[in-house]
Amino acid sequence: MYTQAMDIEPQSSEAPDAPRTANAQQLLARFNARIDDGGFIEAKDWMPEHYRKTLVRQISQHAHSEIVGMLPEGNWVTRAPTLKRKAILLAKIQDEGGHGLYLYAAAETLGVSRDALLEALHSGRAKYSSIFNYPTLNWADIGVVGWLVDGAAIMNQVPLCRCSYAPYARAMIRICREESFHQRQGYDALLTMMREGTDAQRAMVQDAVNRWWWPCLMMFGPPDADSTHSEQSMRWGIKRISNDDLRQKFVDATAAQANVLGVTMPDPDLRWNEARGHFDFGPIDWDEFWRVIGGDGPCNRERLSTRVQAWEDGAWVRDAALAHARKQAEMPQRAA
Ligand SMILES: [Fe+2]
Ligand SMILES: [Fe+2]
């Protein structure tokens with residue numbers, strides 16, 4: 001769902017590849033020409049090691065975000081207010097699991113194993129989107145997650161459908177179709193609460209918007225001026241639109257939707273700027289962003305321990321599937 005943290009600088013510095021032989025120079029020139037032409041790179045094509053590593057990091061962080069993103073919503077399956085909302089929520093969570101699987105498969109085409117990627121998540125070395133380290137305290141939070149969190153995800157992800165790495169781009173086309181359903185179901189749930197609900201329910205929606213608005217703006221990553229890694233990703237056609245431009249597009253779209261809904265964003269500086277043709281908005285608390293990315297958000301520890309527990313609880317399923325696959329593989333030999 002969520003690609004915000006994906007252009008965060010890696011822990012170790014990675015030197016850009018310097019071709020050492022004439023053959024390597026030729027391969028690099030061909031790669032650059034294809035990128036410059038707006039072409040796609042397939043898994044079997046030669047690519048610079050730095051490009052491959054950048055994609056492994058970005059796609060795996062994205063995959064981790066999808067499956068960790070299931071946790072705050074799973075918390076509400078048993079408490080959804082109606083059977084219809086429960087069925088919708090279950091389907092949405094299942095979609096997110098599927099998004100994780102497409103993305104792990106896309107990362108595997110770059111020569112990494114899924115076990116290694118999951119080990120990095122479970123040991124706390126890998127990042128996932130900071131937004132999932134915030135709690136879902138009431139039912140309106142589930143609507144706001146759909147409207148704003150999935151809405152921000154769509155804004156981030158639509159440009160990734162044209163990412164230069166083709167297996168990632170193909171996964172994103174399918175994911176984006178499902179994300180737009182996620183966004184609409186969230187908005188619809190909130191609209192129902194605002195139009196048909198009680199004063200207490202309307203207050204729940206406003207409270208949820210107050211808590212989620214700023215963390216959602218952080219989903220687009222640090223300001224362009226502090227995001228040097230983005231420049232290389234732009235050059236490679238992995239990233240197409242800058243963090244700040246995406247954030248502005250999101251603010252413009254959601255400020256109008258908030259009016260229809262009848263909620264107020266918790267930002268006194270949010271207002272239409274006729275000269276710019278955009279909404280202005282107040283300063284973002286980047287200290288909070290870095291604190292949450294660094295592991296000290298409200299739910300970081302809980303999310304990681306729940307995720308590790310789910311992995312351990314599922315060991316028997318993986319063992320059974322492997323045993324079944326082994327038996328299937330032995331069957332033709334037996335027949336022979
Ligand atoms: Fe998703
Ligand atoms: Fe989603």
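A cavity is a set of grid points where a 1.4 Å probe fits but cannot get out. The structure examined here is a predicted model. It holds two cavities of 30 Å³ or more. The second largest cavity has a volume of about 40 Å³.

## Lining of the second largest cavity

Which residues line the second largest cavity? They are Arg85, Ile88, Leu89, Trp139, Ile142, Gln185 and Ala189. By class, the lining has five nonpolar residues, one polar and one charged.

Three helices each supply at least two residues of this lining: α4 (83-108), α6 (139-157) and α7. Helix α4 gives the largest share, with three residues. Helix α7 spans residues 166-196.

## Helices α4 and α6

Two packed helices are described by the angle between their axes and the distance between the axes. For α4 and α6, the axes come within 13 Å and cross at roughly 45 degrees. Angles from 65 to 115 degrees count as roughly perpendicular and those under 35 as roughly parallel, so α4 and α6 are oblique to each other. Their crossing is left-handed.

On the α4 side, the contact is made by Arg85, Leu89, Lys92 and Glu96. On the α6 side, Trp139, Ile142 and Asp150 take part. The contact of α4 with α6 counts four charged residues, three nonpolar and no polar ones.

## Helices α7 and α8

Helix α7 also pairs with α8, which covers residues 199-218. The axes of α7 and α8 come within 7 Å and cross at roughly 140 degrees. Are they oblique or roughly antiparallel? Only angles over 145 degrees count as roughly antiparallel, so α7 and α8 are oblique to each other. The crossing of α7 and α8 is left-handed.

From α7, the contact uses Leu190, Met193 and Met194. From α8, it uses Gln201, Arg202, Met204 and Val205. Five residues of the contact of α7 with α8 are nonpolar, one is polar and one is charged.

How values were computed. Residues are numbered from 1 along each chain as its sequence is written. Chains are lettered from A and ligands numbered from 1 in the order in which they are written. This is a predicted model: local features need pLDDT of at least 70, side-chain atom pairs count only at pLDDT 80 or more; totals for chains, interfaces and linings use all residues. Side-chain values use heavy atoms; hydrogens and water are left out. Axes are lines fitted to C-alpha atoms, for helices over the stretch in contact, and angles run from 0 to 180 degrees between N-to-C directions. Helices (H or I, at least four residues) and strands (E, at least two) are DSSP runs, numbered from the N terminus. A crossing is left-handed if the near helix is turned anticlockwise from the far one by less than a right angle, and right-handed if clockwise. Contact means heavy atoms within 4.5 Å. Ala, Val, Leu, Ile, Met, Phe, Trp, Tyr, Cys and Pro count as nonpolar, Asp, Glu, Lys and Arg as charged, and the others, Gly among them, as polar. On a 1 Å grid over the protein atoms alone, a cavity is a set of points where a 1.4 Å probe fits but cannot get out, and a pocket is an open set with protein on both sides within 12 Å along at least five of seven lines; lining residues have an atom within 4 Å of a point. Grid points are joined across faces, edges and corners, and a volume is the space filled by probe spheres set on the points.
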